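I opened the model to look up a few local features. My notes are below, entry by entry.

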Amino acid sequence: MSQDIATIRVTRYRPEKDGKPFFQDYKVPYRKDMVVLDALNYIKANLDGTLTYRWSCRMGVCGSCGANVDGVPKLTCASFLHEFKGRTIKVEPLTHFSVIKDLVVNMDDFMHKLVEIKPWIIKEKESPPEEGEYRQSAEELERYAQFSSCINCMLCYSACPVYGLNEKFLGPAAIALAYRYIEDSRDEGKDVRFPIVHELEGVWECTLVGECSVVCPKGVDPMLAIQKTKILGATNALKSLVMPRGGK
Amino acid sequence: MSKEKPFPEYRRKLGPGWWLSNSHFTRYMIREWTSFFVALFSLIYIYEISLFASGAKDSALALMRNPGIIAFNIVALPFTLYHAFTWFYLIGKVQPIKLGKTTSKPWQALLVNIVLLLIISYAVIQILVLR
Amino acid sequence: MMPKVARLHAILWGVFSMGGFIAAFLLPVLIYLVGIAYPLGLWPMAGGDPTSAILSHHHIGTLFLFVTVAGSLYHGIFRFQSTLTELGLAPAKRALEAIGYLIIILGILAVAYYLLLLNPSVLSLP
């Protein structure tokens, strides 16, 4: 098999030594089937054992290997080296998050937001298991199916300038996941979830840049979820204005 | 276990030039700036209506023929149309229409709404100006 | 139930969205007639001025001008003040919002007032 050499320019940040991150170049021989994550693993195994990054599944399921590859948030396990042939490949930590070390960013903010929207089915009264499952038709499933594909990789947050400008913004993935439950026919938690997503730093912060939906590696469309949630909020608010006692 | 963080994290801030870093962001910023032209035309026109209402029709018409105002309007029209086209496209993305098993694409919403825009504009001219 | 502030914001966003439709469907023809066709003498404005022509159709003309100008002003100002916060003016966010809503309210009141002066009979509409 033929081998090429890729130049990988990786952000290094060693908080115990450096005040600021810097770039370090590594030469990595590669085959056609190798991805950026393979190159990072090659560097760690053969060139520099101190390089730090997150990874786990190597197949676009776990969502832990996200980084800015050539300026765009991507899963490093899904970015082939040969696509950058002849160019230096810049690998930087996901934008907008603070950097702990090298490519590892602090995920606390996102983890809190994820819990905040209560990503589980809420029932006013749980029925006992003997009564059987909560049934759902194929059409009802289709209404939210794409939004349940999120793997929490945070690429959408890294792509979102609104989040970059205001970290209080609830953000694409959390709202998309909230919408996944709002649209689920089995869920009865609208009264709990609407106040959270319709909070001032919720959907209203979004100015429809749309980049979240462009970078999502799982085909989720957070922009759509946010817009739908805005429309639901505006119609509910107008309804309660016209009929203060009536419809919710 | 201590909760203290032993080493500082590196925080990054988004500068005012962020929209130049990516062509999608640049197009987004152009789209948002259409609002400047929409708003400023509205304000200028409100001023012209006020001149009409206070009997200074001649100065209102002179203002409309001011070369600076004409130049602004010639720029404002394409920007407003750009707002319209991006708005139509986004309608198609957010509210696609389902017919049987096929779902409409955003560019179809764009085309249908452009035709609608032409019909509405022609109707305005026919009903409010020519008749 | 939505929190009060959020409900207000939801309504304000709903109006902004309606303004977006108005600016998209009605504003281009108004800019063309008033701002380009009239001063340059292009079709269909050879002769009279468009504002007088539109207002001569009483109620529907007055209504068209009000809806188009008020909706576009709301949409434009609302969106532009948020654009300014994205260009580095985020610390002044609350002040920009306040100035924006002030311009919107004064502008809409002004256009309503002057159109009423020009066509008082619009008040006698059922």
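I am working on a predicted model, where local features need pLDDT of at least 70, side-chain atom pairs count only at pLDDT 80 or more, and totals for chains, interfaces and linings use all residues. Residues are numbered from 1 along each chain as its sequence is written, chains are lettered from A and ligands numbered from 1 in the order in which they are written, and side-chain values use heavy atoms, with hydrogens and water left out.

**Chain A, overview.** I counted 9 helices and 7 strands. Both are DSSP runs numbered from the N terminus: helices are H or I with at least four residues, strands are E with at least two. The C-alpha atoms fill a box of roughly 70 × 40 × 30 Å along the principal axes. Of the 248 residues, 51% count as buried. I use buried for under 20% relative accessible area, exposed for over 50%, and partly exposed in between (1.4 Å probe, protein chains only). Contact means heavy atoms within 4.5 Å. Among contacts with a separation of 6 or more, 64% come from residues 24 or more positions apart.

**Helix H7 of chain A.** I looked up what is buried in residues 190-197. The list is Arg193(A), Phe194(A), Pro195(A), Ile196(A) and Val197(A). Their cover includes helices H2 (108-116), H6 (172-182) and H9 (222-242) of chain A.

**Positive phi.** I found Asp70(A), not a glycine, with a positive phi of about 60 degrees. Asp70(A) sits in the loop between S3 and strand S4 (72-75) of chain A and is partly exposed at 32%. Leu208(A) also has a positive phi, near 60 degrees. Its loop runs between H7 and helix H8 (211-215) of chain A. Leu208(A) is buried, at 12%.

**Met59(A).** This residue is in the loop between helix H1 (36-47) and strand S3 (66-69) of chain A. Met59(A) is exposed at 61% relative accessibility. From Met59(A) to Ser79(A) I read 20 residues in sequence and 11 Å in space, C-alpha to C-alpha.

**Cysteines.** How many disulfides are there over all chains? The count is 0, where a disulfide is a pair of cysteine sulfur atoms within 2.5 Å. The closest cysteine sulfur to that of Cys150(A) is in Cys156(A), 6.3 Å away, so the pair is too far for a bond. Cys150(A) is partly exposed at 26%. For Cys212(A) the closest cysteine sulfur is again in Cys156(A), at 6.4 Å, too far for a bond. Cys212(A) is buried, at 8%.

Trp43(C) and Pro44(C) are joined by a cis peptide bond, with omega about 0 degrees. Pro44(C) lies in the loop between helix H2 (27-40) and helix H3 (50-55) of chain C. Thr83(C) is in helix H4 of chain C and is buried, at 0%. Beyond neighbours within four places in sequence, Thr83(C) contacts Met29(B), Glu32(B), Trp33(B) and Ser35(B).

**Chain C, helix packing.** Helices H1 (residues 4-25) and H4 (residues 58-89) of chain C pack at about 120 degrees, with axes 8 Å apart. Axes are lines fitted to C-alpha atoms, for helices over the stretch in contact, and angles run from 0 to 180 degrees between N-to-C directions. H1(C) and H4(C) are therefore oblique to each other. Under 35 degrees counts as roughly parallel, over 145 as roughly antiparallel, 65 to 115 as roughly perpendicular, and the rest as oblique.
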